Amino acid sequence: LFFFFFFRMKKSDTTQYGIDSILRNAFFYCFNILIYHVLLSLLYFCILFTVYMYASSYYEILDPMIAAVQNNVGDFQALSKSIADIKNSPNYQSFQMVLISTQVFLFPLQVGLYKMYRKIDLGEKPTVVDLFSAYNGINFFLFASFYFFWMCLYSIGMMMIIPGVIWVYVTVFVAPLMFFLNKSSFESIKLSFNAVRNNFVYVFVAITVAIIVKFAGFLVFFIGGAFTFSFATAVIYSLYKNLFKEIEKG
């Protein structure tokens with residue numbers, strides 16, 4: 001039913017550029033501010049890893065996980081049961097909430113890249129301050145609350161996989177809509193949903209390629225992920241600029 005709905009799309013006049021142009025533009029943005037992409041990745045993973053190590057120790061998660069692996073070598077069924085028991089514990093739930101809260105706190109860093117891309121379009125020079133622009137004033141609370149809401153629905157949707165994947169795609173333009181047009185999160189979800197529905201194949205292919213590139217950096221060599229981690233953000237901006245330019249003009 002989900003896929004039946006999305007493939008009943010109408011051709012949009014806004015898709016004037018092909019997928020190759022969208023991806024070329026994304027690479028152009030990335031190379032122009034490559035140092036900031038790397039800086040964002042280092043900040044993101046250093047903070048997340050630090051919190052992970054501290055929280056896993058504080059909530060006594062890491063040692064039981066290691067013990068479960070060591071005590072059940074070769075017995076996958078027993079290992080699965082031991083890990084499931086750990087995940088069902090109150091400590092693990094608290095541990096997960098700490099990690100989600102950290103990701104929520106770090107999400108505005110990705111939004112800051114949109115301001116940098118827009119500066120490139122305007123012929124202005126991005127600065128490191130732009131990377132933290134989504135932390136200014138009420139912006140942080142707006143983006144943090146949206147991302148917490150997004151993460152909650154994503155976690156529920158991924159239990160059945162397909163709804164979670166669809167949620168990722170239909171909300172792909174929410175952050176730039178909130179940032180550039182000052183739309184509310186729910187209005188942005190509606191606009192993003194309509195844009196994806198009307199240009200499904202166009203958006204699906206571009207975002208899928210972006211996700212592949214994003215994680216390819218980690219597979220080739222871990223440090224490579226610092227260069228590709230935010231590539232999807234550049235692709236989203238390139239798509240947004242094409243699909244929503246008429247709304248911005250209005």
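## Overall architecture

A residue counts as buried when its relative accessible area is under 20%, as exposed when that area is over 50%, and as partly exposed in between. By this criterion, 42% of the 250 residues of the protein chain are buried. The model is a predicted one, and every value discussed here is computed from it.

The secondary structure of the chain consists of 15 helices and zero strands.

## Helices α3 and α6

Helix α3, spanning residues 34–58, and helix α6, spanning residues 90–121, have axes that come within 10 Å and cross at roughly 170°. An angle over 145 degrees counts as roughly antiparallel, and α3 and α6 are therefore roughly antiparallel to each other. On the α3 side the contact is made by Y36, H37, L40, L43, Y44, I47, L48, V51, Y52, A55 and S56, while α6 contributes F95, V98, L99, T102, Q103, L106, L109, Q110, L113, M116 and Y117. In the contact of α3 with α6, 17 of the residues are nonpolar and five are polar, with no charged residue taking part.

One of the α3 residues in this contact, S56, is buried, with a relative accessibility of 1%. Once its neighbours within four places in sequence are set aside, S56 is in contact with I61, L62 and F95.

Just after α10, the backbone at N182 takes a positive phi of about 55°.

## Aromatic pairs and an aromatic cluster

The structure holds 35 aromatic pairs. In the pair formed by Y29 and Y117, the ring centres are 5.2 Å apart and the planes stand at 35°, so this pair is tilted. Y29 belongs to helix α2 (residues 19–32) and Y117 to helix α6, so the pair ties together parts that are 88 residues apart in sequence. Both partners count as buried, Y29 with a relative accessible area of 2% and Y117 with 0%. Y147 and W150 form another aromatic pair, which is stacked, with 5.6 Å from centre to centre and 5° between the planes.

Y147 and W150 both lie in helix α8 (residues 139–157), three residues apart, which is about one turn of the helix. Y147 is buried at 13% relative accessibility, and W150 is also buried, with a relative accessible area of 13%. Turning to the grouping of aromatic residues, F28, Y29, Y114, Y117, F143, F173, F179, F180, Y237, Y240 and F244 form one aromatic cluster.

## The surroundings of F231

F231 lies in helix α14, which spans residues 231–243, and is buried, with a relative accessible area of 3%. Although F231 and A26 are 205 residues apart in sequence, their C-alpha atoms are 7.2 Å apart in space. When residues up to four places away in sequence are not counted, F231 touches L23, A26, F27, C30, A210 and V213.

## Cysteines

How many disulfides does a search of the whole structure find? The search finds zero disulfides, where a disulfide would require a pair of cysteine sulfur atoms within 2.5 Å. C30, one of the residues touched by F231, is buried, with a relative accessible area of 6%, whereas C46 counts as partly exposed at 47% relative accessibility.

How values were computed
Residues numbered from 1 in each chain as written. Predicted model: local features only at pLDDT ≥ 70, side-chain atom pairs only at ≥ 80, totals over all residues. Heavy atoms only, no water. Buried < 20%, exposed > 50% of the residue type's maximum accessible area, 1.4 Å probe, protein only. Axes fitted to C-alpha atoms, helices over the stretch in contact; angles between N-to-C directions. Helix = DSSP H or I, 4+ residues; strand = E, 2+ residues; numbered from the N terminus. Parallel < 35°, antiparallel > 145°, perpendicular 65-115°, else oblique. Contact = heavy atoms within 4.5 Å. Nonpolar A, V, L, I, M, F, W, Y, C, P; charged D, E, K, R; others polar. Phe/Tyr/Trp six-rings, centres within 6.5 Å; stacked < 30°, edge-to-face > 60°.
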